[in-house]
Amino acid sequence: MEIQLKLYGSSKILSEKETLDIQLPNNSDIKKLRDILTKIISEKYSRSDLENLPKTAAFFSEKDEVIDDSYKLSNKEYISIIPPIGGG
Amino acid sequence: MTLHTALVKIEEEKISSEKAKKFIASEKNGAESIFVGKVRNENNGKKVIAVTYDAHDQAVIKSFQLICTNALNKFDKNAKIFLEHAKGYASVGEVSILIGVGSGHRDEAFKICRYILEEVKHQSPIWKKEHYADGKEEWLPGHSLRPKKEVK
């Protein structure tokens, strides 16, 4: 299955586009998505500032709510990656 | 109206303390407190020329409203609150955040201002990318919103 990940903050380094399409095994959850992101980052990007992103990021559902690691993803689902925040 | 919250596209519109003063004005106020956060020209020894603010718009507005409502409930239900934050490319000296509070007493006005600033930093999905004089740029580290029970 495939999901669309809307990129914010430092995660924008992962793509020129606003979203990143990610292939996942069926019935994957957020924990699996973190594992896949870790793999993508280690294979494609040699940037130390991105290494911790899969561990420190939160994820928002389409309802803009934080979803936890056990949340089951659906095919074509659109979710947001929320790297550590720091406005003001 | 008691609350005004907004994300301002800084390349199109400026954040104005005059607008905040007008919004919070009331004959009931014994105190008006205005906090203005600005883009400064240095961070960790690096010469900063600008900051780009990225934001998850809908979630930011939700968080602003929640934070301000909590502030009213916690400190002064009759206070008036104005909160605007920049989004986009802001040069040194530009306003990044403006908090205005009108309240019956100074203590509440100061406390609400401080409370809102700290909560925005810890709850609102906003990110800063600094642009440096040497042409480099960097997203700044921040506060993780990942559920605490998951972080070992």
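This is a predicted model: local features need pLDDT of at least 70, side-chain atom pairs count only at pLDDT 80 or more; totals for chains, interfaces and linings use all residues.
Buried here stands for under 20% relative accessible area, exposed for over 50%, and partly exposed for what lies in between, with a 1.4 Å probe and protein chains only. Helices (H or I, at least four residues) and strands (E, at least two) are DSSP runs, numbered from the N terminus.

Residues are numbered from 1 along each chain as its sequence is written, chains are lettered from A and ligands numbered from 1 in the order in which they are written, and side-chain values use heavy atoms, with hydrogens and water left out.

Let us return to Ile99(B). Leaving aside neighbours within four places in sequence, Ile99(B) has contacts (heavy atoms within 4.5 Å) that include Phe35(B), Phe82(B), Leu83(B), Cys113(B) and Ile116(B).

Next, the cysteines. With a disulfide taken as a pair of cysteine sulfur atoms within 2.5 Å, the count over all chains is zero. The sulfur of Cys68(B) has that of Cys113(B) as its nearest cysteine sulfur, 10 Å away, which is too far for a bond. Cys68(B) is buried, at 0% relative accessibility, and Cys113(B) is buried at 7%.

Chain A contains an open sheet of five strands in the order 2-1-5-3-4, with mixed pairing; two strands pair if DSSP finds at least two bridges between them. Strand 2 (19–23) and strand 4 (66–67) of chain A each have a single partner strand, so one side of each is left without a neighbour in the sheet. Strand 3 (residues 58–60) and strand 4 of chain A run antiparallel and are joined by two bridges, and Phe60(A) has Val66(A) as its bridge partner.

How do the two chains meet? In all, 28 residues of chain B are in contact with 24 residues of chain A. The buried area, that is, the accessible area (1.4 Å probe) that two parts lose on being put together, summed over both, is about 2200 Å², and carbon and sulfur atoms give 56% of this. On the side of chain B, His56(B), Trp127(B) and Arg146(B) lose the most area to chain A, together 29% of what that side buries.

Finally, salt bridges: a side-chain nitrogen of Lys or Arg within 4 Å of a carboxyl oxygen of Asp or Glu. One joins Arg34(A) to Asp69(A), with the closest N and O atoms 2.8 Å apart; both residues are buried. Glu150(B) and Arg146(B) also form a salt bridge, at 3.0 Å. Bridges with shared partners link Arg34(A), Asp69(A), Arg146(B) and Glu150(B) into one network.
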